[in-house]
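Subject: Structure handover

Hello,

Here is the structure I said I would pass on. Please open it first and keep it beside you while you read the notes below.

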Amino acid sequence: MKSFFVAAAVFLAAFHTAAARADTDLTDLFQKEQIALKNVPGRHLKSLLTRGDVRAKPRPQSVKYTRSWIDSQPKAKGDEQWRCLAEALYFEARGETIKGQFAVAEVILNRVKSARFPSTLCGVIKQGTGRRFQCQFTYTCDGHKDTIAERSAYERVAKVARAVLDGATGGLTGGATHYHTTAVNPSWSRVYKQTARIGVHIFYRHNYRTASN
């Protein structure tokens, strides 16, 4: 009988030691998580909480940069960030190839990922709007009313925007954060690094690294 109580005492002592060790490990883990969160820049922590549709998502396995593929996708829908991207693609690239539309969307996402630009899609697209020669996307300050007259074209670029937000982007522009059409030759194009040419757009990366290159 005595041996039974001795064994029980040993077991209880071992149990309490293991429990104490587990509590210590959990405390250490919690402290490390707190330190890690404190080291995350405030801008990026805020963007993680407010970015909405811009998040890590698996890339669709069967994505194709063709009109037939995009037309076969279900009608697109989403939040404000999706609507901002769809609108930008409509006014900036609705006449482009499907691949070109994906490329323009990729540039906008590259800006979101860069600390040099706003941390949301709407923020990037509307940056400088209302200030002469300060807007980043011409249609936001060209003085014309932003009327979507070509409904079928809008529905198509809206699907592109949806696919991009679901992960169908990356690698088309080499981390570009700027682009222009072949019809113009802006002065900055002689300074920035050209990374790709797709359809009527030429893509560039500034002489600094972005989160996507």
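A residue is called buried when its relative accessible area is under 20%, exposed when that area is over 50%, and partly exposed in between, using a 1.4 Å probe and protein chains only. Helices (H or I, at least four residues) and strands (E, at least two) are DSSP runs, numbered from the N terminus.

This is a predicted model, in which local features need pLDDT of at least 70 and side-chain atom pairs count only at pLDDT 80 or more, while totals for chains, interfaces and linings use all residues. Residues are numbered from 1 along each chain as its sequence is written, and side-chain values use heavy atoms, with hydrogens and water left out.

Overview

The chain has 7 helices and 3 strands. Read from the N terminus, the order is α-α-α-α-α-α-α-β-β-β. The chain has 213 residues, of which 38% count as buried.

The sheet

The 3 strands make an open sheet in the order β1-β3-β2, with antiparallel pairing. β1 and β2 are the edge strands, each pairing on one side only. On average, neighbouring strands here are turned by 25 degrees against each other, direction ignored. Angles of this kind run from 0 to 180 degrees between N-to-C directions, and axes are lines fitted to C-alpha atoms, for helices over the stretch in contact.

Two strands count as paired if DSSP finds at least two bridges between them. In general, strands of a sheet pair through backbone hydrogen bonds, either parallel or antiparallel. In this model, β1 and β3 are joined by 4 bridges and run antiparallel. Strand β2 (residues 193-198) and strand β3 (residues 201-205) are joined by 5 bridges and also run antiparallel. β2 and β3 form a hairpin with 2 residues between them, and glycine 199 in that turn has a positive phi of about 60 degrees.

Which residues stand opposite those of β3? Phenylalanine 203 has tyrosine 179 opposite it, and alanine 196 also stands opposite phenylalanine 203. Tyrosine 204 has histidine 178 opposite it, and glutamine 194 stands opposite tyrosine 204 as well.

In a regular strand the side chains alternate between the two faces of the sheet. In β3, His201, Phe203 and Arg205 point one way, while Ile202 and Tyr204 point the other way, and all are buried. β3 is therefore described as mostly covered, with 5 of its 5 residues buried, given the cut-off of under 20%.

Threonine 177 lies in the loop between α7 (151-165) and β1 (178-181). Is threonine 177 buried or exposed? Threonine 177 has a relative accessible area of 0%, so threonine 177 is buried. The side chains of threonine 177 and histidine 178 are joined by a polar contact of 2.9 Å. A polar contact is a pair of N or O atoms within 3.5 Å; within protein, one must be able to donate a hydrogen and the other to accept it, and residues adjacent in sequence count only if both atoms are side-chain atoms.

The disulfide

The structure holds 1 disulfide, meaning a pair of cysteine sulfur atoms within 2.5 Å. Cysteine 84 and cysteine 122 form this link, with their sulfur atoms 2.0 Å apart. The link is right-handed, with 100 degrees about the S-S bond. Distant parts of the chain are linked by the pair: cysteine 84 is in helix α4 (residues 80-93) and cysteine 122 is in helix α6 (residues 121-125), 38 residues apart. Cysteine 84 has 8% relative accessibility, so cysteine 84 counts as buried. Cysteine 122 has 8% relative accessibility and counts as buried too.

Helix packing

Helix α5 (residues 98-113) packs against α7 at an angle of about 50 degrees, with their axes 10 Å apart. That angle makes α5 oblique to α7. Angles under 35 degrees count as roughly parallel, over 145 as roughly antiparallel, 65 to 115 as roughly perpendicular, and the rest as oblique. The axes of α4 and α7 come within 8 Å and cross at roughly 130 degrees, so α4 and α7 are oblique to each other.

α5 passes α7 in a right-handed crossing, and the crossing of α4 and α7 is right-handed. A crossing is right-handed if the near helix is turned clockwise from the far one by less than a right angle, and left-handed if anticlockwise.

Regards
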